[in-house]
Amino acid sequence: MTGTATSAPRAPFGTVFATTMASTTFDESGYGPVRLHEVEDFAMHPGAHVFHYASACFEGLKAHRGAGGEARIFRLDAHAARLRQSAGLMCLPVPDEKLVIEMVEAVVAANRDEIPEPPGSLYLRPTLIGAEVNIGAAGSPPKNGFFYVLASPVGDYFAGGMRALRILIEDEHRRSTPGFGMVKAGANYVSALRTVVAARRDHQADQVLFAPNGFVEETGASNFLLIDDDLVVTAPLSESYLHGVTRDSTLRLAARLGYKVEERPLSVNEVLTWKGEAALSGTAAVLSAVGTLIHKGEEITINDGAVGSNTLRLRAALTEIHTGAAEDPFGWVRIV
Ligand SMILES: *Cc1c(COP(=O)(O)O)cnc(C)c1O
């Protein structure tokens with residue numbers, strides 16, 4: 001069951017793939033049998049639905065290597081539920097929870113020896129796409145397509161040391177549309193891209209915090225939290241933005257550690273005058289500290305521009321559950 005861990009890759013996040021993937025297809029009669037095989041290209045007609053009408057959604061979750069060599073998948077149930085929700089909202093056939101779990105577990109088991117030692121991990125990417133060949137099908141969901149799970153060994157996200165991020169607050173443009181922001185879909189990323197590219201170019205910003213009408217939703221790829229010694233504050237869930245599993249895990253763990261947790265509308269004004277720490281949450285980086293906010297050309301320093309101690313404490317509490325260094329009071333980890 002153990003095997004030798006490969007050392008964490010130095011290549012950029014997401015550019016290296018583990019040997020084995022799982023794939024299946026769907027058509028009007030449902031999902032077909034699952035195949036486990038080496039990562040390989042697959043052929044699609046240039047008229048495939050996904051290329052024209054963006055029928056694609058995905059998930060991102062991680063398996064960690066425990067001290068005994070066991071593979072520990074973090075919150076697979078929550079990710080499977082979110083994939084099912086995304087699929088439903090995109091009019092793609094909703095895969096059974098059992099199918100998602102079976103495919104992710106099979107990929108983790110097959111690549112067990114390629115899970116890097118902590119703080120590295122095996123990042124998992126279930127992906128559902130429409131492949132029907134019909135460029136006239138703009139107004140109907142694809143009749144067939146692919147569902148697959150890729151795995152990517154990833155190193156320490158903060159290998160160069162944790163640096164507090166520069167975040168541009170955008171209170172004009174939205175990331176997505178009000179009902180679609182909660183779908184984990186590539187279409188939402190490309191919709192936000194020009195805003196993110198401009199923020200990087202014009203303000204050397206790492207990310208954009210979208211706050212339509214003056215109220216914070218999330219950044220382009222992570223949720224946003226305010227933290228101090230007593231309190232964790234974040235925006236309430238809505239259909240406009242992605243319901244992060246890391247956000248949920250952080251809130252539940254923070255409450256257990258004695259922080260008061262508040263989910264309530266968070267105005268840009270409150271964020272700009274906040275005296276504590278700010279952090280972004282997401283599977284890739286877990287929690288990353290925010291050091292600078294840029295708003296209407298002005299720069300506001302958060303927590304003296306340093307990585308905050310509460311952010312680090314909550315991050316460590318989460319990563320200790322990931323790897324099994326701490327007990328798992330919520331039953332979040334599935335061992336394969
Ligand atoms: C995936 C994602 C997140 C973070 O979700 P986690 O489940 O915590 O990884 C936040 N925002 C967007 C837009 C995302 O796509």
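A: Ala199 sits in helix α4. Helices are DSSP runs of H or I with at least four residues, strands are runs of E with at least two, and numbering starts at the N terminus. Ala199 has a relative accessibility of 1%, so it counts as buried. The cut-offs are under 20% relative accessible area for buried, over 50% for exposed, and partly exposed in between, with a 1.4 Å probe and protein chains only. The C-alpha of Ala199 is separated by 8.7 Å from that of Ile167, a residue 32 positions away along the chain.

This is a predicted model: local features need pLDDT of at least 70, side-chain atom pairs count only at pLDDT 80 or more, and totals for chains, interfaces and linings use all residues. Numbering runs from 1 along each chain as its sequence is written, and side-chain values use heavy atoms, with hydrogens and water left out.

Now the rings. Searching the whole structure gives 10 aromatic pairs. Rings of Phe, Tyr and Trp (its six-membered ring) pair if their centres lie within 6.5 Å; planes under 30 degrees apart are stacked, over 60 edge-to-face, and the rest tilted. One of the pairs is Phe13 with Tyr157, edge-to-face at 6.0 Å centre to centre and 70 degrees between the planes. Phe13 lies in the segment before β1 (20–27) and Tyr157 in the loop between β8 (145–154) and β9 (165–170), so this pair links distant parts of the chain, 144 residues apart. Phe13 is partly exposed, at 37% relative accessibility. Tyr157 is also partly exposed, at 44%.

Phe58 and Tyr189 are tilted, with 6.0 Å between centres and 45 degrees between planes. Phe58 is buried at 12% relative accessible area. Tyr189 is partly exposed at 31%.

Arg175 lies over its ring face, 4.9 Å from the ring centre. For such a contact, NZ of Lys or CZ of Arg must be within 6 Å of the ring centre and within 35 degrees of the ring normal.

Next, the loop between β9 and α4. Ser176 is found there. Ser176 is buried, with a relative accessible area of 12%. Its side chain makes a 2.5 Å polar contact with the side chain of Asn188. A polar contact is a pair of N or O atoms within 3.5 Å; within protein, one must be able to donate a hydrogen and the other to accept it, and residues adjacent in sequence count only if both atoms are side-chain atoms.

Tyr189 also brings us to the ligand. It is among the closest of the 16 residues that surround the ligand, along with Lys184, Glu218, Thr246 and Thr283. A residue is near a molecule when one of its heavy atoms lies within 4 Å of it. Thr246 uses its side chain, with a polar atom 2.6 Å from a ligand oxygen. On its own the ligand has 380 Å² of accessible area, and the protein covers 97% of that. Areas come from the Shrake-Rupley method with a 1.4 Å probe; for residues, only the protein chains shown count as cover.

Val245 and Thr246 both sit in α5, where they are buried. Also buried in α5 are Arg247, Ser249, Thr250, Leu251, Leu253 and Ala254. The helix covers residues 245–256, has 12 residues and reaches 17 Å from first C-alpha to last, close to the 16 Å expected at 1.5 Å a residue. The expected span is 1.5 Å times one less than the number of residues. Gly258 follows α5, with a positive phi near 100 degrees.
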